[in-house]
Amino acid sequence: MTEPNTFQNAHNFVMNNPQFTTNPQIMQIEKRGLNILLGASIPAAAYDSSEHPRHCHPGTRYQYIDRIVKWGLNDIDQGHRIFWLKGPAGVGKSAIAQSCAETFAAEKKLAAAFFFSRDNRRDNPQRLFTSIAYQWASKRRPYAEILKSTIHDDPTIVDKEIPHQFHHLFVSPLQELSAGGGDIPERVVIIDGLDECAGETAQQAIIDIIAVSIRDDTTPFVWIFCSRLEPHLVATFNSPGVSAVTHQEELTVSRDIDNEVSKYLTDELARIAGEHGLPLPWPRERDVGTLINLSGGLFIYANTVVRFIGDRNSLGPQDQLQTVLALATSVAKEYSEHPLSELDLFYLLILQRIPTKILRAVQQILLATTVPYVGGRAYWISKLLGLSLLQFHTACRALHSVMKVKEDRIVFYHASFMDFMKDHRRSKQFCIGSDPGLALRTDLMQRLQVVCNDPGVESQCESRVH
């Protein structure tokens, strides 16, 4: 028997304010699946988040950016689907990664980008593949549809070991998509700061998992890694199974980039002069030359100098500039072969200018950012140290050149500063690690115990710790 058709023989009818409904069960699956994935991701690690690193200054690092972009867009060498950009701290790897991510995104070739940052709490290896999957799902609806159902059926996928995550989030859905005749275009994934991912074993596992996927041709991605030359990473990238699918480029500390540092400093100092209405020419050409020499081939030095000179909580850019220029004599006297020796002297200068009355509070704030439960958040640090939010922000302003408080959370401009603060040989009396920081750490742990024993915050402490 044929079912009656409501619209059979209907002519010239009008529907006023029609309302169509979607199966609520299907909608709930979609919402639950992606919400679980989002909850297991780190949105702040994406290239377009509010915490993304600065891209390269126009006209700088173009040779590396062009090389990487051409590699990613044209797939010049089909066998090498991993690009490892390696180099020491401060040479501009993250800025290059950010510039490349923006270019690939504009060309619609970017699947995802993830920026690890140990000091900014973006270092959990369990959240790498979930974040990449979420970013790519937001761009590829067919893939997203499969992923929604997969995670809805098994929400524990996001908490599995990373090899299992990779299989369930990428390999299996892509096989299903391919079997259904779906289009799987090649896309770029950028992973910056791999050396800041928590745990050397996890860092090596990430590389191995991706290398296997390339050899087995289970994913459509080409991968760009940026990291320091840590011994375990060098060994992993040079192992037979990984090196066979990897192209390597090294960024070095070199005075060959003085012209690029000069362009950056000239443009940024001209901007500061304009903001403060300084009479031109300022600064003098020879002063810019001194700053270039002080930078010693490190972009991080030039970046920090610009923030220091432009600090609005100072006596003005002219006074700040003279303070930096005075470092030239110290560098000449205390030069060492350490690649960050000039930067260390500048970091010491910044710390020496902190008023004595707030120095201990500044050190405690920095130390508190290393406590997992605290996580660099203003509320928790203030409560832990017994500071008002006004006192907290006042103390943080003393470190304007190396960090900022954004959306009630401390964000460091570069990992080199906290590396410096934890190393007594470099930060001397200001150190927050090893023996010189023992009193600070003892005091902090006592405060932490008191706060966590407070019934009003005990449950929140536990959730933070776990």
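Q: What makes residues 17–30 a stretch to be read with caution about confidence, and how many contacts beyond four places in sequence does the model have for them?
A: In this predicted model, pLDDT (the predictor's confidence in each residue, from 0 to 100) stays under 50 over residues 17–30. The model has seven contacts beyond four places in sequence for this stretch, a contact being heavy atoms within 4.5 Å.

Q: Which values describe residues 457–466?
A: Over residues 457–466 pLDDT also stays under 50, and the model has 13 contacts beyond four places in sequence for them. For the chain, the mean pLDDT is 86, and 85% of the residues reach 70 or more.

Q: What conventions apply to the numbering and to the values?
A: Residues are numbered from 1 along each chain as its sequence is written, and side-chain values use heavy atoms, with hydrogens and water left out. As the model is predicted, local features need pLDDT of at least 70 and side-chain atom pairs count only at pLDDT 80 or more, while totals for chains, interfaces and linings use all residues.

Q: Why is α16 called oblique to α17?
A: Helix α16 (residues 356–368) and helix α17 (residues 378–385) pack at an angle of about 125°, with their axes 10 Å apart. Angles under 35 degrees count as roughly parallel, over 145 as roughly antiparallel, 65 to 115 as roughly perpendicular and the rest as oblique, so α16 is oblique to α17. Axes are lines fitted to C-alpha atoms, for helices over the stretch in contact, and the angles run from 0 to 180 degrees between N-to-C directions. Helices (H or I, at least four residues) and strands (E, at least two) are DSSP runs, numbered from the N terminus.

Q: Which residues make the contact of α16 with α17, and how do they divide by class?
A: Ala361, Gln364, Ile365 and Ala368 of α16 meet Ile381, Leu384 and Leu385 of α17. By class these are six nonpolar, one polar and no charged residues; Ala, Val, Leu, Ile, Met, Phe, Trp, Tyr, Cys and Pro count as nonpolar, Asp, Glu, Lys and Arg as charged, and the others, Gly among them, as polar.

Q: Why are α4 and α6 called roughly parallel?
A: Helix α4 (residues 128–137) and helix α6 (residues 162–179) pack at an angle of about 20°, with their axes 9 Å apart. α4 and α6 are therefore roughly parallel to each other. Phe129, Thr130, Ile132, Ala133 and Trp136 in α4 meet Ile162, Gln165, Phe166, Leu169, Phe170 and Leu174 in α6. The residues of this contact divide into nine nonpolar, two polar and no charged.

Q: What makes the packing of α4 on α5 oblique?
A: α4 and helix α5 (residues 141–153) pack at an angle of about 130°, with their axes 8 Å apart. That angle makes α4 oblique to α5. The contact is made by Ala133, Trp136 and Ala137 of α4 and Arg141, Tyr143, Ala144 and Leu147 of α5. Its classes are six nonpolar, no polar and one charged.

Q: Why do β2 and β5 stand at the edges of the sheet?
A: Five strands form an open sheet in the order β2-β3-β4-β1-β5, with parallel pairing. β2 (110–115) and β5 (246–250) each have a single partner strand, so one side of each is left without a neighbour in the sheet. The twist averages 15° from one strand to the next.

Q: How do you know that β1 and β5 pair?
A: Two strands pair if DSSP finds at least two bridges between them. Five bridges join strand β1 (residues 82–86) to β5, and the two run parallel. Gln248 in β5 is the bridge partner of Trp84.

Q: What is the omega of the peptide bond from Leu280 to Pro281, and where is Pro281 found?
A: That bond, from Leu280 to Pro281, is cis, with omega near 0°. Pro281 is found in the loop between α10 (258–276) and α11 (285–295). The peptide bond from Trp282 to Pro283 is cis too, with omega near -10°, and Pro283 is found in the loop between α10 and α11.
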